[in-house]
Amino acid sequence: MNSAMSPRRLQLRRTKGWRLPTGAIVVTRSTPWGNPFPIAQSRQAAVAAFRSWLLGLEPGQPDTYQTGHRTFDRRWMRANLNRLRGHDLACWCPPGKPDICHAAVLLELANDESTVERLSRSTE
């Protein structure tokens, strides 16, 4: 856990010798935390769709999305959002551009205690 500073978004690297910092959590599409929305139109649109879906802003949205062999379940994300609180989150998105990264949405929501509480109640 990152107690000295606010949790932040980290960019994963394939550079020789690079290591994921201790306590950081990977939230790429290959994990249950991934964004199921394609970036076909734009990254901003995919991130906006992810935020809307996770928060349940549009009535009638399904709780799960299938993307290839992965199933993304917002009920699971909501119930487990508190597990991300205080941790750095790692993904492949470029740094400094939170509007094009769903990890920024997860970081924001996980570190807002009232949001975590409200979303976890909505899964019951």
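What follows is a tour, one selection at a time.

This is a predicted model, where local features need pLDDT of at least 70, side-chain atom pairs count only at pLDDT 80 or more, and totals for chains, interfaces and linings use all residues. Residues are numbered from 1 along each chain as its sequence is written, and side-chain values use heavy atoms, with hydrogens and water left out.

**Stop 1**

Select residues 9-11, 25-26 and 89-91. Helices (H or I, at least four residues) and strands (E, at least two) are DSSP runs, numbered from the N terminus. Three strands make an open, parallel sheet here, in the order β1-β5-β2. At its edges sit β1 (9-11) and β2 (25-26), each of which pairs on one side only. Two strands pair if DSSP finds at least two bridges between them. For β2 and β5 (residues 89-91), there are two bridges, in the parallel sense. Zoom in on Val 26 and you'll find Ala 90 of β5 opposite.

Now hop to the loop between β1 and β2, where Arg 14 is found. Is Arg 14 buried or exposed? Buried means under 20% relative accessible area, exposed over 50%, and partly exposed in between (1.4 Å probe, protein chains only). With a relative accessible area of 73%, Arg 14 is exposed.

**Stop 2: helix α1**

Select residues 43-55. That's α1, with 13 residues, reaching 18 Å from its first C-alpha to its last. This is close to the 18 Å expected at 1.5 Å a residue, a span worked out as 1.5 Å times one less than the number of residues. Its buried residues include Phe 50, Trp 53 and Leu 54. Among the elements covering the buried residues of α1 are β3 (64-67), β4 (70-73) and α2 (74-80). Step just past the helix and Gly 56 has a positive phi of about 70°.

**Stop 3: helix α3**

Eight of its nine residues are buried, so α3 is largely enclosed by the rest of the structure. The cover over its buried residues includes β1, α1, β5 and α4.

Turn the view to see α3 lying across β1 and β5, at about 170° to β5. Axes are lines fitted to C-alpha atoms, for helices over the stretch in contact, and angles run from 0 to 180 degrees between N-to-C directions. The axes of α1 and α3 come within 9 Å and cross at roughly 35°. Show side chains at this contact (heavy atoms within 4.5 Å): Val 47, Phe 50, Arg 51, Leu 54 and Leu 55 of α1 meet His 102, Val 105, Leu 106, Glu 108 and Leu 109 of α3.

**Stop 4: the hairpin**

Finally, select β3 and β4, which pair in the antiparallel sense over four bridges. Two residues lie between the strands of this hairpin, and Gly 68 there takes a positive phi near 65°.

Which residue stands opposite Phe 72 in β4? Look across and you'll see Tyr 65. Phe 72 counts as buried, at 0% relative accessibility. Not counting residues up to four places away in sequence, Phe 72 touches Trp 53, Met 77 and Pro 32, among others. Arg 29 is another of its contacts, and the C-alpha atoms of Phe 72 and Arg 29 are separated by 9.1 Å.
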